[in-house]
Amino acid sequence: MTHPHPYTNRLIDETSPYLLQHAHNPVDWYAWGDEAFKVAKERNCPILLSVGYSACHWCHVMERESFENPDVADIMNRYFVNVKVDREERPDVDAIYMTVVQLLTGQGGWPMTVFLTPDGRPFYGGTYFPPHDMYGKPGFSRLLYAIAEAWTVRQAELEQQGTDIVKELERESGLGTHSTTELLTPAVLDNAYSKLVERFDANYGGFGGAPKFPQPDVLNFLLKLHARTRRQDPLNMVEKTLHGMALGGMYDQLGGGFHRYSTDATWLVPHFEKMLYDNAQLVQTYARAYQITRKPFYKGVAEETLEYVLREMTSPEGGFYSAQDADTEGVEGKFFVWSEQEVEALLGKRDAEVVAAFYDITPHGNWEEANILHVVKDARGVAKQFGLTLEETAEILDGARVKLFEHREKRTKPGLDDKILTAWNGLMLCAFAECALVFEREDFLSAALHNAEFVMSTLSFRDKEGYLRLLRTARNGTAKLNAYLEDYACYAEGLLWLYEATGSEQWLQTATELTETMLTYFWDAEHGGFFTTSSDHEALLHRPKDWDDNATPSGNSVAMEVLLRLSLLLGKSEYRERVAGMLRGLSDTYQKMPYGFSRGLSVLDFYLDSPKEIALLGDPSTPETQALRRVLYETYLPNRVVAHAKEATPEGTPLLAGRTLINGKPTAYVCTGFVCKEPVQTPEALRQQLK
């Protein structure tokens with residue numbers, strides 16, 4: 001028998017899983033919008049803005065402790081207009097007020113709690129607040145009473161404080177707007193690398209101590225540095241990190257896919273949520289490490305991760321879901337951990353002992369009396385320990401993984417955030433298309449095509465000016481919200497990879513149209529660079545620009561890479577000139593703080609390089625064409641563009657213009673630095689030209 005919820009608020013009409021999680025709180029929540037601000041002005045009371053996301057553990061904790069508590073909700077409802085925002089749906093709102101919290105407290109994070117005047121000016125904020133005074137933070141109820149009293153007694157002072165904070169926000173937005181005429185040189189890249197070396201953890205890989213994040217953009221920059229300089233140290237740093245993550249608890253040893261981050265320096269104990277964007281970017285890093293080293297381990301991790309995405313994170317229509325929760329039935333990590341007795345009951349004593357030695361399973365556990373599976377001894381060492389052959393050991397371990405996985409599938413699964421975000425789908429489209437090429441996997445190419453068809457049919461439209469526009473999010477058949485810069489940039493990049501994987505000019509054309517929309521609606525004509533929101537977006541407190549490469553790359557970094565690739569494919573030098581101006585304004589910052597601008601550094605590497613421009617003509621279904629294509633992806637070739645068609649047409653891609661099939665056979669053309677080599681028709685000759 002189901003029991004009706006005692007409370008239901010306005011969030012019941014939303015599509016965001018995060019907002020719906022709060023739809024039965026006793027708090028009188030509003031979604032972000034005009035209605036909340038209108039009511040706050042009528043009541044002359046502050047707005048309590050609460051921002052989080054569905055896979056955020058501490059967001060759930062604060063909900064249980066405070067937002068589900070009728071007494072706390074009564075205080076909130078009496079003195080405030082309460083607004084709940086999903087940061088993944090509204091990155092514009094999140095970015096503005098997160099900058100405020102960082103200015104006020106020196107740190108940020110989620111859940112985020114900010115108090116605003118009725119017209120949206122922030123005057124106080126923080127992150128998680130406990131129910132009572134603890135952790136050096138005031139109890140939430142006490143804080144609410146204090147803010148309410150201050151508003152009653154000192155309203156004018158708080159409003160002035162809000163005005164001052166808005167002015168500081170404007171000052172903070174100057175990054176990247178002071179372009180110089182200085183020459184950009186590889187010294188910027190080398191100086192940034194030396195700073196990264198200082199932060200590298202030589203013992204366990206990764207950068208800094210606990211908590212430790214995967215940072216795929218940093219790793220990809222190091223792979224480019226290795227390719228450019230042939231220095232071994234950058235590659236060693238990447239390999240140390242990739243091994244540490246994939247053998248640790250950060251990686252799901254049974255189901256594939258990476259958790260959000262490690263709470264310790266050794267990659268053992270993860271924060272258990274799985275985010276689409278982490279897995280998309282890490283897949284590309286592992287695939288590129290495989291191209292460089294040819295180590296099957298990296299290929300296995302990349303393929304397993306994409307297979308996990310196909311199994312758990314893909315909608316029937318082809319969209320990719322956003323996240324899986326850290327918590328199951330209110331307990332963090334419950335779905336993923338094991339007891340020794342459970343493993344022995346499933347596998348039998350001997351096999352369980354072998355598995356325990358491999359995955360560090362002990363009677364008392366390696367985390368909170370439970371066991372997180374992580375690899376502590378290689379199969380050869382385990383074989384020696386138990387007097388087994390390597391083949392016998394592999395058979396036991398492989399069989400155990402299947403049994404443990406099948407048993408785990410019967411458990412209650414973590415919550416799924418099944419909204420589809422355009423930007424994150426663009427990141428995963430890149431991963432599937434690139435890995436379809438590197439690993440020659442038709443199922444990966446099929447997933448990429450399915451996704452592009454879904455996004456362009458469900459999340460795009462033509463505006464009255466004829467521009468191709470995107471929407472931010474879709475769920476249960478409803479697509480909504482203006483798309484942001486990162487949506488256009490990331491999806492355009494995904495379509496460029498799909499063009500490369502299919503040779504279909506349809507996807508190049510669509511990527512070009514999205515780029516023209518970016519330049520029309522997001523470009524800052526006065527200072528250069530792109531705004532986060534379009535010129536026809538709702539008016540907010542501030543129109544931000546995003547330059548930082550954090551868990552996801554900034555919209556500006558990805559937009560620059562898209563412009564560089566299209567400048568080569570389409571012969572549009574004006575695209576390259578825009579990027580040059582942006583990079584000049586950022587070069588000093590890149591050297592001082594490379595950790596936060598690593599995708600931008602990769603773009604600078606591309607800009608400074610003499611990229612290989614490769615035109616491939618030939619029917620992709622023939623073995624001869626496939627053999628030539630295989631050469632293009634068997635090794636790591638950063639900073640190159642590939643145009644592929646059955647045969648060149650006058651109206652087709654400019655990079656293919658004037659190229660012909662020689663004697664009717666598949667033919668490859670390689671150009672570098674405005675100089676073209678002779679056309680080739682054999683894999684050996686093409687391989688030689690690409691060296």
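Predicted model: local features only at pLDDT ≥ 70, side-chain atom pairs only at ≥ 80, totals over all residues.

Q: Which residues of helix α4 are buried?
A: In α4, which spans residues 70–79, the buried residues are Val72, Ala73, Ile75 and Met76. They lie on the same side of α4, because the arc they cover around the axis is only 155 degrees.

Q: What covers the buried residues of α4?
A: The cover includes the strands β1 (29–31), β2 (47–52) and β3 (81–86), together with the helices α3 (57–67) and α6 (140–172).

Q: Which residue caps the N-terminal end of α4?
A: That residue is Asn69, which has a side-chain oxygen 2.8 Å from the backbone nitrogen of Asp71.

Q: How many salt bridges does a search of the whole structure find?
A: The search finds 48 salt bridges, and one of them joins the side chains of Asp252 and Arg408, at 2.9 Å from N to O. This pair links distant parts of the chain, 156 residues apart, with Asp252 in the loop between α9 and β6 and Arg408 in helix α15.

Q: Is Asp252 buried or exposed?
A: Buried means under 20% relative accessible area, so Asp252, at 3%, counts as buried. Arg408 is likewise buried, with a relative accessible area of 3%.

Q: Is Glu409, which forms a salt bridge with Lys413, buried or partly exposed?
A: Glu409 is partly exposed, with a relative accessible area of 28%, and Lys413 is partly exposed at 33%. The closest N and O atoms of this pair are 3.1 Å apart.

Methods. Residues numbered from 1 in each chain as written. Heavy atoms only, no water. Buried < 20%, exposed > 50% of the residue type's maximum accessible area, 1.4 Å probe, protein only. Helix = DSSP H or I, 4+ residues; strand = E, 2+ residues; numbered from the N terminus. Arc of directions from axis to C-beta. Contact = heavy atoms within 4.5 Å. Polar contact = N/O pair within 3.5 Å; in protein donor to acceptor, adjacent residues only side chain to side chain. Salt bridge = Lys/Arg side-chain N within 4 Å of Asp/Glu carboxyl O.
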